Number of protein chains: 2
Amino acid sequence: MPNAHDELFRALADPTRRAIFERLCREGEQTVGALTALAGVSQPAVSKHLGVLKHAGLVRDRHEGRQTHYSAQLGALAPLIDWTSQMAGFWQSRFDNLEDLLKRMDQ
Amino acid sequence: MPNAHDELFRALADPTRRAIFERLCREGEQTVGALTALAGVSQPAVSKHLGVLKHAGLVRDRHEGRQTHYSAQLGALAPLIDWTSQMAGFWQSRFDNLEDLLKRMDQ
DNA sequence: GAGATCGATAACCCGCTGGCTATTGATATA
DNA sequence: TATATCAATAGCCAGCGGGTTATCGATCTC
């Protein structure tokens, strides 16, 4: 079963999309136009990427007149942090077990 | 320019591949056969996934007779951790700037 | 040496995804 | 009201990526 991390990892896997997200983290709220100006791809492409990011909870949008402002939602990175430390935890506990084993063998 | 995180994020984006990596983290070194038995895909598919993980530095292989043992390389997750905390850092510094601004406006 | 097993490679297929252009809806401006 | 701008959507296309089966090289086992 594909777990909940899927959408998050997939959303961040594309370089263009990740660049957009990074920029929103660095510089804060941006309009679609501003993002498009530096994205190196067309405006519809940027909109599509923003759609994916939004669906993954990585960005919020705010409508103001005819323009839309996007901003990063840092909280969405939490599952990624959790996953990473979980992997590290598994690693560590296996290491501990090995240590125990060696200790037991030693005496 | 696609940065160095690309390969890492892409490698972890696929559920099957991530499951293999998670298993290696949980249970330690495994043969291709053992991994295939529970992966839900064919042995060549598993080999291909292991190739991708290896290329991304996430696993090591060790040959022993006719079987190959793979193990997780936890250190490869470091760039991911760095990237995450960098994003958090940008966020924080923008927040600090805002705080400064408000403080300056206040007086 | 013959046969079986392990895992990597080759060759192929299909679906998804990221890109594009064109268009639409909505809002601002003349 | 007519026109221009912004961003989302529609519709399309090409390439890639993850899956398969078939095969090969290498190593055990008989």
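Chain B can be superposed on chain A with an RMSD of 0.0 Å by a turn of 180° and a shift of 0.0 Å along the axis. The two copies are thus related as by a two-fold rotation axis. Both copies use the same surface, since 100% of the contact residues of chain B recur in chain A. The model is a predicted one.

**Fold of chain A**

Chain A contains five helices and three strands. Read from the N terminus, its elements follow the order α-α-β-α-α-β-β-α. Chain A has 107 residues, of which 39% count as buried. Among the contacts in chain A with a separation of 6 or more, 51% are accounted for by residues 24 or more positions apart.

Two packed helices are described by the angle between their axes and the distance between the axes.

| Helix pair | Angle between axes | Distance between axes |
|---|---|---|
| α1(B) (residues 5-13) and α2(B) | about 95° | 5 Å |
| α2(B) (residues 15-27) and α3(B) (residues 32-39) | about 125° | 11 Å |

How are α1(B) and α2(B) oriented to each other? With an angle of about 95°, and with 65 to 115 degrees counting as roughly perpendicular, α1(B) and α2(B) are therefore roughly perpendicular to each other. On the side of α1(B), the contact is formed by B:R10, B:A11, B:L12 and B:A13, and on the side of α2(B) by B:P15, B:R17, B:R18 and B:F21. By class, this contact of α1(B) with α2(B) comprises five nonpolar, no polar and three charged residues.

The second pair, α2(B) and α3(B), packs at an angle of about 125°, and these helices are therefore oblique to each other. Their crossing is right-handed. Helix α2(B) contributes B:T16, B:I20, B:R23 and B:L24 to the contact, while α3(B) contributes B:A34, B:L35, B:L38 and B:A39. The residues of this contact of α2(B) with α3(B) divide into six nonpolar, one polar and one charged.

**A residue of helix α3 in chain B**

B:L38, in helix α3 of chain B, is one of the residues in the contact of α2(B) with α3(B). Is B:L38 buried or exposed? Its relative accessible area is 65%; exposed means over 50%, so B:L38 is exposed. The C-alpha atom of B:L38 is separated by 9.9 Å from that of B:A19, and these two residues are 19 residues apart along the chain.

**His49 in both chains**

A:H49 is found in helix α4 (residues 43-55) of chain A. Its relative accessible area is 14%; buried means under 20%, so A:H49 is buried. Which residues does A:H49 contact, leaving aside its neighbours within four places in sequence? They are A:D14, A:T16, A:R17 and A:I20.

In chain B, B:H49 has its place in helix α4 (residues 43-55). B:H49 is buried, with a relative accessible area of 14%. Leaving aside neighbours within four places in sequence, B:H49 is in contact with B:D14, B:T16, B:R17 and B:I20. Of these partners, B:T16 and B:I20 also take part in the contact of α2(B) with α3(B), and B:R17 belongs to the contact of α1(B) with α2(B).

How values were computed: Residues are numbered from 1 along each chain as its sequence is written. Chains are lettered from A and ligands numbered from 1 in the order in which they are written. This is a predicted model: local features need pLDDT of at least 70, side-chain atom pairs count only at pLDDT 80 or more; totals for chains, interfaces and linings use all residues. Side-chain values use heavy atoms; hydrogens and water are left out. Axes are lines fitted to C-alpha atoms, for helices over the stretch in contact, and angles run from 0 to 180 degrees between N-to-C directions. Helices (H or I, at least four residues) and strands (E, at least two) are DSSP runs, numbered from the N terminus. Angles under 35 degrees count as roughly parallel, over 145 as roughly antiparallel, 65 to 115 as roughly perpendicular and the rest as oblique. A crossing is left-handed if the near helix is turned anticlockwise from the far one by less than a right angle, and right-handed if clockwise. Contact means heavy atoms within 4.5 Å. Ala, Val, Leu, Ile, Met, Phe, Trp, Tyr, Cys and Pro count as nonpolar, Asp, Glu, Lys and Arg as charged, and the others, Gly among them, as polar. Copies are superposed by least squares on the C-alpha atoms of residues with pLDDT of at least 70 in both. Buried means under 20% relative accessible area, exposed over 50%, partly exposed in between (1.4 Å probe, protein chains only).
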